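Hello,

Here is the structure I promised to pass on. Please have a look, and then read my notes below.

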Amino acid sequence: MLQKTALSILKLGHTTFLTGAAGSGKSHVLREYITYLRKHGVRYAVTASTGIASTHINGTTIHAWSGIGIKQKLHSYDLGALEEKQNLYKRWNETQVLIIDEVSMLHASFVDMLDRVGKHMRRNEKPFGGMQVVFTGDFFQLPPVTRHGDEYESTDVFAFMSTAWKESKPVTCYLTEQFRQDDDKLSSILNAIRSCEVEEEHYEMLQEASKNAHSDDHIKLYTHNENVDQINLKAFNSIPGDIRAYHMITKGKAQLVAALKNNCLANEILQLKIGAKVICIKNAQDRSYVNGSMGLVINFDNEGAPIVELVSGKKITIKADSWKIEEDGKVKAELQQLPVKLAWAITVHKSQGMTLDKAEIDLSRAFASGQGYVALSRLKSLEGLYLKGFNPQALMIAEQVREADLTFVSKSVQAENAISKYTDTQLEKLQEKFITESGGTLTELDEIEDEEIVEKVASHTKTQEMLKEKLTIKEIADKRNVTVDTIIGHIEKLIELKEKVELNHTLPLKKDVTKITKTFKELKTRKLTPVFEHLKGKYTYQDIRIVRASINI
């Protein structure tokens, strides 16, 4: 499928799987679609399966965005806790398009959890709560990590095997153009891996790459952390200068602290000196750097904090950051450390999403399907490759992926045939319908940021004026072409701002208001789920939510 066809399909608002080989232009289509949504005022979220992948699309991880974090299971009380986070609740209900990049690394169980949270937060039983979800990525790349305790069978790990994926029936857009590799030999090897037709000639090409010249400016890609650590340590020791040591500070129960250490990349003792190559492992709160930003330590400030010059040339000061485990708003465990690691070498895992002119790659200890494909597809040509080590396992692809890929190709052809039956005028009308249903504007916005700020203020004010006219919440939602939950969100914001709000005509019957109010007081909570469950589902979440809002007036 061509990029322009995929973009046209995305604009229809269907949940979509945008895929294709490395270098086929998935990121370009994604950027075009994001620009389109922004220009038309449609609220969207850009996320990825990993921190380093999110840096390539200026987004965040889907784990952080969704509120699910590192959870492997979701209980009913988890859902209640999530909905009490006002910013999170608002995020879920205002977002109309959710983009998830590098979907190959999302476990099927996480996709199902995401679907469950979406349905709960948006009070909508459609897949993912009725949002358009745009999955992008390539399942020939790295698979999800299977952790101990996963309820899914070991073979049912891929996102496309999840119940949510099957229920949402994403339209597949399989891009077939090639823009990254300008080397027929490299393209031939990558295509052979995808079709499971690697032959002797391909091995010979790789053997020749082991004879290429290499230098210190080749970034080194290895499959194991231990190799990366050894290389980084050796390079670090070769630099002259004083060492600065930064010790991790922890607090909380040992078991929880151990879990935190396992789920973040921070070193217990981090050693730095001027000239050290580093990679950031966490987003800065002020967005001065992001997870995956690379640079060089050029100095230290008066307090000992490292000053890093990023690859972009920007100079930043790295301050200690924290990782936490919270329950019911209380911090159960926390660790603090500088959010950087040494980076003369990185793992193949962390290279996913990068484009490299040259690299030294060692695949001699490849152990997972997709590792060889990911590493080789980072490059533009075989001339930029110095292949230090190799074994045939590196070119293996999971059988489930190969079979699914044939289905994806077939579905993409079906989608292309289906859209070709519409005239340009018909497509434009359907695309305009999606924009208006998503609360956007058909007229492109000139000053996007200013327009968004004005829109936020105007939305709450407009709801306030319509309430004065004694319109019901449902009537306001219908007139403004938004959801009832969005209007209730406006009301909550107005109350938070201590604005005058006419709510009496929007409330349930007086006896029902009394009962709901009494339940909030008896349970000594402001959470919706405990009240909903205590009243045995007699009242809707929206009824309970509007009564809760009225209590605060």
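**Helix α18 and its surroundings**

In α18, the buried residues are Ile 473, Ile 476, Ala 477 and Arg 480 (buried means under 20% relative accessible area, exposed over 50% and partly exposed in between, with a 1.4 Å probe and protein chains only). Looking down the axis of α18, these buried residues fall within an arc of 100°, so they line one face of the helix; the arc is that of the directions from the helix axis to the C-beta atoms. An α-helix has 3.6 residues a turn, so residues three or four places apart point the same way.

The model is predicted: local features need pLDDT of at least 70, side-chain atom pairs count only at pLDDT 80 or more, and totals for chains, interfaces and linings use all residues. Residues are numbered from 1 along each chain as its sequence is written, and side-chain values use heavy atoms, with hydrogens and water left out. Helices (H or I, at least four residues) and strands (E, at least two) are DSSP runs, numbered from the N terminus.

**Positive phi values**

Just after α18, Asn 481 has a positive phi of about 60°. Lys 470, not a glycine, also has a positive phi, about 65°, and sits in the loop between α17 (448-468) and α18 (473-480). Arg 123 has a phi near 50°; its place is the loop between α7 (108-122) and β5 (132-136), and it is partly exposed at 22% relative accessible area.

**A sheet**

Strand β11 (residues 277-280) runs antiparallel to β17, joined by 3 bridges (strands pair if DSSP finds at least two bridges between them). Ile 279 stands opposite Lys 341 in β17.

Best wishes
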